[in-house]
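Colleague: Please take a close look at the aromatic rings of this model. How do they pair, and what is packed around them?

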Amino acid sequence: MRVDYTPAGPAGESPADRDLTPDDVAAGWLPLLHTWFASAVAAGVPEPNAMVLATVDTHGHPATRTVLCKKLDADGLAFFTNFESDKGRHLAALPYASATLLWLPMYRQVTVRGPVVRVPDEETLAYWRTRPRGSRLGAWASQQSRPVKDRFDLEHALVEVAEQYALDDDIPVPPFWGGFRIVPETVEFWQGRPNRLHNRVRTRSVDGRWITERLQP
């Protein structure tokens, strides 16, 4: 299987087809990432905020999984999870991560790497209140990443939690649940091109200032 990553139209015909250059990051990594994300949403890319998150365990072994980016601003990329999950324990031991957003139909991806910090409680609460009731109950019911005998036990745990809170809409945030934020140190933009001569532009923080450079594919 092979894809040639040929632009839909002549180079320069549309913003999506124009070649990526270091000048596109002249205003910083965030404006371009916002632009690319908005384009993915407009194009109907499924789960455009999905990102592959990489962490490292205490043995130095990497682990990846897909999570949803729930906030994107100048502070970084935030996602929410169970702190006692595998990724939560990894980040507690080694608070550094890499995350890749891939919009394959548009021949684009962005990889962000940097230290990870906990999201403030008030920010977690604000996001928690936007979650559907079932998602909030699920966060209480699931001992994320731990073994479970079968699906019946998992669904039974959800029923028990639902009975505990009955019709109460004020379901509290679990003490073991909250947000992490990746604070970007390095951001790389990738754009697929024919003959595997892809465009790669990396910007990284060095001694308090950002350096941007084109990378060979």
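The reply below goes from the ring pairs to the cores and then to the neighbouring elements.

Modeller: This is a predicted model, with local features taken at pLDDT of at least 70, side-chain atom pairs at pLDDT 80 or more, and totals for chains, interfaces and linings from all residues. Numbering starts from 1 along each chain as its sequence is written, and side-chain values use heavy atoms, without hydrogens or water.

Start with the rings. A pair of aromatic rings is described by the distance of the centres and the angle of the planes. Here rings of Phe, Tyr and Trp (its six-membered ring) pair if their centres lie within 6.5 Å; planes under 30 degrees apart are stacked, over 60 edge-to-face, the rest tilted. That rule gives 12 aromatic pairs.

Take Phe37 and Trp103. Their ring centres are 6.5 Å apart and their planes stand at 65 degrees, so this pair is edge-to-face. Phe37 sits in helix H1 (residues 29-42) and Trp103 in strand E5 (residues 96-103), so the pair ties together parts 66 residues apart in sequence. Helices (H or I, at least four residues) and strands (E, at least two) are DSSP runs, numbered from the N terminus. Trp103 is buried, at 0% relative accessible area. Phe37 is partly exposed, at 27%. The cut-offs are under 20% for buried, over 50% for exposed and in between for partly exposed (1.4 Å probe, protein chains only).

Trp140 and Phe176 make another pair. Centres 5.7 Å apart and planes at 85 degrees: so this one is edge-to-face too. Trp140 belongs to helix H4, Phe176 to the loop between H5 and E7, 36 residues away. Phe176 counts as buried at 17%. Trp140 is partly exposed at 26%.

Ring pairs also join Phe80, Tyr127, Trp128 and Trp177 into a cluster. Arg118 lies over the face of Phe83, 3.5 Å from the ring centre. The test asks for NZ of Lys or CZ of Arg within 6 Å of the centre and within 35 degrees of the ring normal.

Now the cores. A nonpolar core is a set of buried Ala, Val, Leu, Ile, Met, Phe, Trp, Tyr and Cys residues joined through side-chain atoms within 4.5 Å. The largest has 31 residues, and Leu77, Trp103 and Phe189 touch the most other members. H1, E1, E4, E5, E6, E7 and strand E8 (186-191) each supply at least two residues. H1 gives the most, with 6 residues. Leu77 is in contact (heavy atoms within 4.5 Å) with residues including Trp29, Leu33, Met51, Leu101, Val112, Phe180 and Ile182. A second, separate core of 14 residues includes Tyr127, Trp128, Tyr165 and Trp177.

In H2 (residues 86-93) the buried residues are Lys87, Gly88, His90 and Leu91. Their arc around the axis is only 160 degrees, which puts them on the same side of H2; the arc uses directions from the helix axis to the C-beta atoms. Their cover includes strands E1 (50-56), E2 (62-68) and E4 (76-82), along with E5, E6 and E7. In H4 (residues 133-141), Arg136, Leu137, Ala139 and Ala141 are buried. These pack against helix H3 (121-128), helix H5 (151-165) and strand E7 (177-182).

Notes: Lists of a residue's contacts leave out its neighbours within four places in sequence.
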